[in-house]
Each structure stands twice: as C-alpha cells, then as structure tokens.
Amino acid sequence: MIAGSHDAFLKLVPMRDKLVGMTTLHEQAYVQWLGQEANLSQGLAVELGCWLGSLTLPLLEGLARNPTHADRSKPWLHTFDQFLWWPEFDRFVRHTHLAGRFQENQSFFDFFMDQMLSWDGMVQTHQVDLATYEWSGRPIALLIVDAWKYPAVIQRSFQSFLPHLHPGAILFLRDWYWVTDTAMHVAMYRLRDYFQLLYRVPEPASSASFQLMRPLPRDLDFPGSIHEIGEDELHAAFEWSFNLAEGLDRLCVRIGQGWLHAKRGELNHARACIDWVKDQPGHTHPKVQWLRDTLQERGLGAALGWS
Ligand SMILES: C[S@@+](CC[C@H](N)C(=O)[O-])C[C@H]1O[C@@H](n2cnc3c(N)ncnc32)[C@H](O)[C@@H]1O
C-alpha cells in the first residue's frame, strides 16, 4: 500500500521535461512517483506497451530511488512491446526529431534499446506479441499497462500476467478515461470485486491507478474480440465505470461506451450515449469537444450525429 496522498507526485512535474511519446507530462511524473513509492518487496515492475519509452524512463528513475526492492541485483523492470511501427504512430512524433524516421512495419526496437543504455541490467526488454506471450510467473507488484486497447492483449494479460499480482499490487491503466479502445472498462468490470480505484491522474491526463485488494482467481478470462462481449455485460460495465467516475469523466465514460457500441455496429445504443452527453452542461467544455473531434477524425461524427 502506498502511504500518503498520490497528489504528492505533482511536485515532480516541474522537475521533468516531457519525453516524446503518447503520454502527458503528468502521466510521466506519476509513473516515476509510482516507481519510487510502490512496495516492491514481493514483486517486480512490469510494463505492457512501452512504445518509445516515455513511461519506461521515468519509471526507471523512480525504481532507482525505491528502497523496497526484494532483490536489487535483478532487473527491476520487464518491459514489453512488439516494436513494430504503425502508421497511426506518426501523429505522435509529427513535430519532433523523430518525424518521418520510421515507416510502416519497421522495427524501432534498436531505437528503444538505445534509450535504455544507461539503465543496462535494470530493465529487461521483451520484443514479443502480447496476445500470445506467457509470463515467467514471477510475482508482479507494479503493472503499468498501455496495451489494453486490444482485446486479445487483455485476454492474454488475464491469463498470463494478472494471476501473478499479489494483494497490494498496483495496476496503472493509461487512457482509462479516453474515448476510443474502451474495452478495458469491461475488463475492470470483470475485476471489480478484486481491484479498487486508487487515483485518477489529474488533467490533462486520463489515466488511473487501481490496487489489488484480494487474490485473483486463476481462471480469469476475457473475450478476444469486442464482438464477443455480451450486450448485458457491456451495459453493466459502463454503468459501473460511470458510477466510479466524477464530473467530466462521466461524459468521457459515456462517449467511450458510444465508441464501443459504434465499433460493434450498435448505432442506436451509440447514438443514445452521445445524445445523453450532448444534453449535459459539460458538453461544451474544451475537453469534451476534443473528444468529439477525435470521434470525427475516426470517421464516426456523422454516424453518431455529433458534428
Ligand atoms: C498506446 S501505445 C503505448 C504508448 C507508450 N506507453 C508511450 O509511452 O508513449 C501501445 C503500444 O502497445 C504495443 N502493442 C500493441 N499490441 C501489441 C501486442 N499484441 N504485442 C506487443 N505490443 C503491442 C504497440 O506496439 C504500442 O507501442
């Protein structure tokens, strides 16, 4: 259990320069703080979906200051990615020194490893497909996840990584209140009796951390496709998430539900979610407008009646 308020991480924000990545400065500082404060006496840190390492590096800085490691001689962190460039990654490096450097399907593994040079021995990097990977079984105390956008990865994580978390372990979910790739709300609904929401990283981030309160069963499962999620479960999951959220986050949850319905071809349900959002006083807030713009960029504006 981390003692004290998680707001303590805010003091790290002005001390950091934002690293190139999909993450915000607040998320980078918070993950550094988690690395520093988490109790690692019973497990190590694991990161799923590191991309260029914008959370990996702050996490390592935090882990280096953490006095609770059970065994300081082993790698403190295992980090995972396929390290294959997708065209949708381009926009996150558009205005940086990496613009145009990688083409579709090109490996950026060597680039990532160069970032890790000064942390040699403290991090073990795995170039794998997380939809099929089998974790060694070592206990995990801190799980940083930015790859639960893909149901097949969630499914495998349920079978491979989660059973090795012990009570007290922390799960950081990037993009918890983001509005696309929202199947992880169903994932956490399935895990709701075991995890407790710990902290929601304040604006401008949309991530959250959870803590495992009791041992997880060994037979956890999750569908490999959004089309295999039952309609009743989908509704119940977003109701649960909605009630967990506050303020504008509730609008994010509803928009995220709309996105998932739309991707499943359930346009009436999707429109009902968006109509509800449009009726809320917060719908003109710049953040909500930004989410609307995101849906429009993904070609869903007209289908959802939100343009
Ligand atoms: C949202 S990005 C991570 C962004 C990153 N955390 C950062 O700091 O900017 C998701 C990552 O998950 C990886 N990924 C997606 N599916 C995967 C799979 N099946 N196996 C391994 N990695 C995967 C992608 O390659 C990508 O790097």
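User: In which helix is the place of L25?

Analyst: In this predicted model, L25 belongs to helix α1, which covers residues 25–37.

User: Why is L25 called partly exposed?

Analyst: Around L25 there are 18 other C-beta atoms within 10 Å. A residue counts as buried at 20 or more and as exposed at 12 or fewer. The value of 18 lies in between, and L25 is therefore partly exposed.

User: Which residues is L25 in contact with, leaving aside its neighbours within four places in sequence?

Analyst: These contacts of L25 are V13, R16 and K18. For the pair to count, the C-beta atoms must lie within 7 Å.

User: What describes two packed helices?

Analyst: The description consists of the angle between their axes and the distance between the axes. For helix α6 (residues 231–244) and helix α7 (residues 248–263), the axes come within 9 Å and cross at roughly 165°.

User: What makes α6 and α7 roughly antiparallel to each other?

Analyst: Their axes cross at roughly 165°, and angles over 145 degrees count as roughly antiparallel. The two helices are therefore roughly antiparallel. The crossing in which α6 passes α7 is right-handed.

User: Which residues of α6 and α7 meet?

Analyst: From α6 come L234, F238, S241 and F242, and from α7 come R250, V253, R254, Q257 and L260. By class, this contact has five nonpolar, two polar and two charged residues.

User: Which residues come nearest to the ligand?

Analyst: Of the 19 residues around the ligand, the nearest are G21, G49, W51, S54 and L130. The shell has eleven nonpolar, five polar and three charged residues.

Terms used. Residues numbered from 1 in each chain as written. Predicted model: local features only at pLDDT ≥ 70, side-chain atom pairs only at ≥ 80, totals over all residues. Near = placed C-beta within 6 Å. Nonpolar A, V, L, I, M, F, W, Y, C, P; charged D, E, K, R; others polar. Helix = DSSP H or I, 4+ residues; strand = E, 2+ residues; numbered from the N terminus. Contact = placed C-beta atoms within 7 Å. Axes fitted to C-alpha atoms, helices over the stretch in contact; angles between N-to-C directions. Parallel < 35°, antiparallel > 145°, perpendicular 65-115°, else oblique. Left-handed = near helix turned anticlockwise from the far one by under 90°.
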